[in-house]
Amino acid sequence: MTPLAMSCGDDVLAGWLHPANGTVGVVIAVGGGQISCGPQRLFLTLANILSQAGHPVLRFDRRGIGDSTGDDPGYLESGPDIAAAVAALQAEAKGVTHVVGIGLCDAATALLLGSDIVDSIIAMNPWPFEAGETRSAAAERAHYRRRLLQPAAWRRLFSGRVNPLPALMSVVRRRAAPPTSLALRIERAVAATADRAT
């Protein structure tokens, strides 16, 4: 594994190249505000496995994350970061003729929305929620999860002092809500890359 510094505009991205001699290279884009080694070093393990199988792999931190400089643009504006990583991989592993982008959560969404940056995409759990919706949905789930674990809440329910209909209607409304504009963009991107995305 070799550390790399990659230019992205005026900033420098930190990256780690796992060399191999194959013609199919891999760029791993990390989801959220996590650094490139990821939880339980998932991405490091994946990069090592792919490299040992003959595929050069580049892991990197987008701007403002981990050891990369600058301000985090957020995943919806991380296309230039992914493009910089692809260019660095091709410059370092000169035999690469095909680049696969692997992304988790919001990085999967970033790859799909910037699908022309890579040749193929492995999108794991693409993130289709607008930022505000994500927080409110998560807060609502956490609230009801806590309530379901409280014996007092069950006593109030069975005694008739609590009407469960508002909570149920909230869940139904959320499930029946039309897709967000981001979800529609992802759907169009998946349709446009159906032969290149998994």
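How are H3 and H7 oriented to each other?

1. The model is predicted. In it, the axes of helix H3 (residues 106-113) and helix H7 (residues 181-192) cross at roughly 55 degrees and come within 9 Å. Angles of 65 to 115 degrees would count as roughly perpendicular and those under 35 degrees as roughly parallel; H3 and H7 are therefore oblique to each other. Their crossing is left-handed.

2. On the H3 side of the contact are Thr109, Leu112 and Leu113. They meet Leu182, Arg185, Ile186, Ala189 and Val190 in H7. By class, this contact of H3 with H7 has 6 nonpolar residues, 1 polar and 1 charged.

3. The largest nonpolar core has 30 residues, of which Met6, Val27, Leu58, Phe60, Leu89 and Val99 touch the most other members. Two or more residues each come from strands E1 (2-8), E2 (11-18), E3 (24-29), E4 (57-60) and E6 (120-124), and from helices H2 (79-92), H3 and H7. H2 gives the largest share of this core, 6 residues.

4. Val27 can be looked at by itself. Leaving aside neighbours within four places in sequence, Val27 is in contact with Leu58, Phe60, Ala85, Val86, Leu89, Val99, Val100, Gly101 and Ile102.

5. Another core, of 9 residues, lies apart from the largest one. Its members include Val26, Val30, Ala47 and Leu50. As background, nonpolar side chains in soluble globular proteins tend to be buried together.

Technical notes
Residues numbered from 1 in each chain as written. Predicted model: local features only at pLDDT ≥ 70, side-chain atom pairs only at ≥ 80, totals over all residues. Heavy atoms only, no water. Axes fitted to C-alpha atoms, helices over the stretch in contact; angles between N-to-C directions. Helix = DSSP H or I, 4+ residues; strand = E, 2+ residues; numbered from the N terminus. Parallel < 35°, antiparallel > 145°, perpendicular 65-115°, else oblique. Left-handed = near helix turned anticlockwise from the far one by under 90°. Contact = heavy atoms within 4.5 Å. Nonpolar A, V, L, I, M, F, W, Y, C, P; charged D, E, K, R; others polar. Core = buried A, V, L, I, M, F, W, Y, C linked by side-chain atoms within 4.5 Å. Buried < 20%, exposed > 50% of the residue type's maximum accessible area, 1.4 Å probe, protein only.
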